[in-house]
Amino acid sequence: MATVTILGKELAVDADGNLANLSDWNEDIAREMAAQDGIPNLTSQHWAILNYMRKVFEKEGSAPSIRRLTKESGVDTKTLYQLFPKGPAKRAAKIAGLPKPVGCI
Amino acid sequence: MPSETEFQPIQKVSIVISKGSLDGVYPGLIMANGARMEGIEASLFFTFFGLDAILKKRMDNLKVATVGNPGMHMPTLLGALPGMSAFATKMMKKEIEKIDIPPVGEFLTMIHDSGAELYACRATVDMYHLKREDFTPELDGIISVGQFYEKAAGGQIIFT
């Protein structure tokens, strides 16, 4: 399995480059991955989304749809796209240490 | 066969929605929303009966066609029975909601908020004598086919 080095630690990643193990993730790693992905500063709204996605994933085994994400995280669609430009669901999942979302919505 | 990594990723799509049935409108909406989710620039062009999807009075009352729709696997005469289309529509809406796809009006807001643009076809608007206020406020404009091609420049056009 491929690995990436984040903050001096070698971490296993899947074919999409997302972390392979949920437990490898922590907030510092999230900040570093976000910075590498062009998001230099994670705001409280970013965290609201990341934490909500992790919560749903831990409970249900898959990331929530964008519709559910915006309804339940308290961050609306417009803001979501501003926070994670160029593909919010995919990028937020990556920074949250989750696999790429599989849903269509 | 070349692997997908050898191709440039799609940057931009312009999706035409030309049908006004529930099953005619959703695929285009799902593809537009899916494009935005992937960071692909997207716009929607509603033409002919597709305009029903952005008309305030009609958008949330679209029906599934039970006649002349081989995909329904229903004999034509059965499909023509009173209430059959309403029944099929109710069933489909229920299943759509189950997989977390919003009703048309809410979906359009979501797609527009994601940064996609919505356009109505000038010729159809003139044909039906429609006005700007008949449409959802999210509509970005009423444009000609020529303007549509200008806006679609450099991207892929998908006709539905």
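Accessible areas here come from the Shrake-Rupley method with a 1.4 Å probe, and for residues only the protein chains shown count as cover. With that in hand, chain A has an accessible surface of about 5300 Å², of which 48% belongs to carbon and sulfur atoms.

Good morning, everyone, and a word on ground rules. This is a predicted model, where local features need pLDDT of at least 70 and side-chain atom pairs count only at pLDDT 80 or more, while totals for chains, interfaces and linings use all residues. Residues are numbered from 1 along each chain as its sequence is written, chains are lettered from A and ligands numbered from 1 in the order in which they are written, and side-chain values use heavy atoms, with hydrogens and water left out.

Let's stay with chain A for a moment. It has five helices and two strands, where helices (H or I, at least four residues) and strands (E, at least two) are DSSP runs, numbered from the N terminus. Read from the N terminus, the order in chain A is β-β-α-α-α-α-α. The radius of gyration of chain A is 13 Å, close to the 13 Å that the globule rule gives for 105 residues, so chain A is as compact as a globular protein of that length. That radius is taken over C-alpha atoms, and the rule is 2.2 Å times the number of residues to the power 0.38. The C-alpha atoms of chain A fill a box of roughly 35 × 30 × 20 Å along the principal axes.

Of the 105 residues of chain A, 46% count as buried; buried means under 20% relative accessible area, exposed over 50%, and partly exposed in between, with a 1.4 Å probe and protein chains only.

Now please find helix α5 of chain A, residues 88-95. Is this helix enclosed or open? Six of the eight residues of α5(A) are buried, so the helix is largely enclosed by the rest of the structure. The buried ones are A:P88, A:A89, A:R91, A:A92, A:A93 and A:I95. They pack against α1 (27-36), α2 (44-60), α3 (66-73) and α4 (77-83) of chain A, together with α1 (22-37) of chain B. After the helix comes A:G97, with a positive phi near 75°.

A:K94 sits in this helix too, but this lysine is partly exposed, at 32% relative accessible area. Leaving out residues up to four places away in sequence, A:K94 touches A:D16, A:G17, A:N18 and A:M33, a contact being heavy atoms within 4.5 Å. The C-alpha atoms of A:K94 and A:V13 are separated by 10 Å, although these residues are 81 apart along the chain.

Two loop residues of chain A are worth a look. A:L7, in the loop between β1 (3-6) and β2, has a positive phi of about 50° although it is not a glycine, and A:L7 is exposed at 51%. A:S23 is in the loop between β2 (9-12) and α1 and counts as exposed at 66% relative accessibility.

On to chain B, which comes to six helices and five strands, in the order β-α-β-α-α-α-β-α-β-α-β. With 160 residues, a compact globule would have a radius of gyration near 15 Å, and chain B has 17 Å, which agrees. Its C-alpha atoms fill a box of roughly 50 × 45 × 25 Å along the principal axes, and 45% of the 160 residues of chain B count as buried. Among chain B contacts between residues at least 6 apart in sequence, 70% join residues at least 24 apart.

B:S43, in strand β2 (residues 41-46), counts as buried at 11% relative accessibility. Not counting residues up to four places away, B:S43 touches B:V13, B:S14, B:I15, B:E117 and B:Y119. B:H129 lies in the loop between α5 (122-127) and β4 (141-143); its phi is positive, near 55°, and B:H129 counts as exposed at 66%.

Finally, how do the chains meet? Here 17 residues of chain B are in contact with 16 residues of chain A. Chain B and chain A bury about 1400 Å² between them, 55% of it on carbon and sulfur atoms.

Methods:
Buried area is the accessible area (1.4 Å probe) that two parts lose on being put together, summed over both.
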